[in-house]
Amino acid sequence: MKSTTPDLGPRVHSLGATLVLTCTKGNVAGSDAFMSYRLVVVDPRTKVWWILNRRYSHFFALRQRLKEIATTGHAALKSVVAAAFPRRRFVFAVDNKSVVDERLRGLPAFTAELARWLPAAESSGAYGPSYLVATFLQLPYRWSAAPAKVPHECAICLDPLGADASLSTACGHTFHETCLVRWFKNETTCPLCRSIALHGSVL
């Protein structure tokens, strides 16, 4: 019987995309519309999770910059820029469903690769690229402490927490990872106390 080691690398869940309409002086409302992609990044190695909000153009620009840096001697970046990435498409409607769906499927894999690469880059002294990636990933400015006492059940589904992956919010409430990710598709608050929940601990 084979023994399998669980993958302790980062997990990234897509929460969806939001159409953002902006209005600048002299422009018609919505003329600068864009889609903002929301992801939950869960990193068991650092024991932290957080919500990432970015436009596709930000992902694309970062990837292009990392490609340039990879050619100047940062060979470890080659695996990051080689990761699957949704194709750049020029469409007139920013909320084109097929394009948005393709990006919702592809951006989590690229983000997971960035989060997987970052700790090794920081320890190897690749400070320029690692700062660029850390800034892009919007790492929480402070780590959330795990709750002193972990409850026995998830407050969303009421099932035992057990061996399932669990996340704790910054306010100290604990839930199954799958339950909290599902909650975040519609909310940005803690399911129990309704405080803003943008990051927390991985238990």
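Visitor: Leaving aside neighbours within four places in sequence, which residues is Phe59 in contact with?

Guide: Contact here means heavy atoms within 4.5 Å. With neighbours within four places in sequence left aside, Phe59 is in contact with Leu39, Leu52, Arg54, Phe85, Leu107, Phe110, Thr111 and Phe136. This is a predicted model, in which local features need pLDDT of at least 70 and side-chain atom pairs count only at pLDDT 80 or more, while totals for chains, interfaces and linings use all residues. Residues are numbered from 1 along each chain as its sequence is written, and side-chain values use heavy atoms, with hydrogens and water left out.

Visitor: How is a nonpolar core read, and which residues touch the most other members of the largest one?

Guide: A nonpolar core is a set of buried Ala, Val, Leu, Ile, Met, Phe, Trp, Tyr and Cys residues joined through side-chain atoms within 4.5 Å. Buried is under 20% relative accessible area, exposed is over 50%, and partly exposed lies in between (1.4 Å probe, protein chains only). The largest core has 33 residues, and Phe59, Leu66, Leu114 and Leu137 touch the most other members. At least two residues each come from strand 2 (34–43), strand 3 (48–55), helix 1 (56–70), helix 2 (77–81), helix 3 (97–124) and helix 4 (127–136). Helix 3 supplies the largest share, 10 residues. A second, separate core holds 16 residues, including Trp49, Cys154, Leu180 and Val181. The helices (H or I, at least four residues) and strands (E, at least two) are DSSP runs, numbered from the N terminus.

Visitor: How do strand 2 and strand 3 run, and how many bridges join them?

Guide: Two strands pair if DSSP finds at least two bridges between them. Strand 2 and strand 3 are antiparallel, with eight bridges. Tyr37 stands opposite Arg54 in strand 3. The two strands make a hairpin with four residues between them, and Lys47 in the turn has a positive phi of about 65°. Strand 3 also pairs with strand 6 (residues 199–202) in the antiparallel sense, over three bridges; Val48 has Ser201 of strand 6 as its bridge partner. Six of the eight residues of strand 3 are buried, so the strand is largely enclosed by the rest of the structure.

Visitor: What should be noted about the phi of Gln138?

Guide: Most residues other than glycine have a negative phi. Gln138 has a positive phi of about 55° although it is not a glycine. Gln138 sits in the loop between helix 4 and strand 4 (166–169), and its 30% relative accessibility makes it partly exposed. Arg194, also not a glycine, has a positive phi near 65°. Arg194 belongs to the loop between helix 5 (177–184) and strand 6 and is partly exposed, at 48% relative accessible area.

Visitor: Which residues of helix 5 are buried, and what covers them?

Guide: An α-helix has 3.6 residues a turn, so residues three or four places apart point the same way. In helix 5 the buried residues are Glu177, Cys179, Leu180, Val181 and Phe184. Their cover includes strand 1 (11–20), strand 2, strand 3, strand 4 and strand 5 (174–176).
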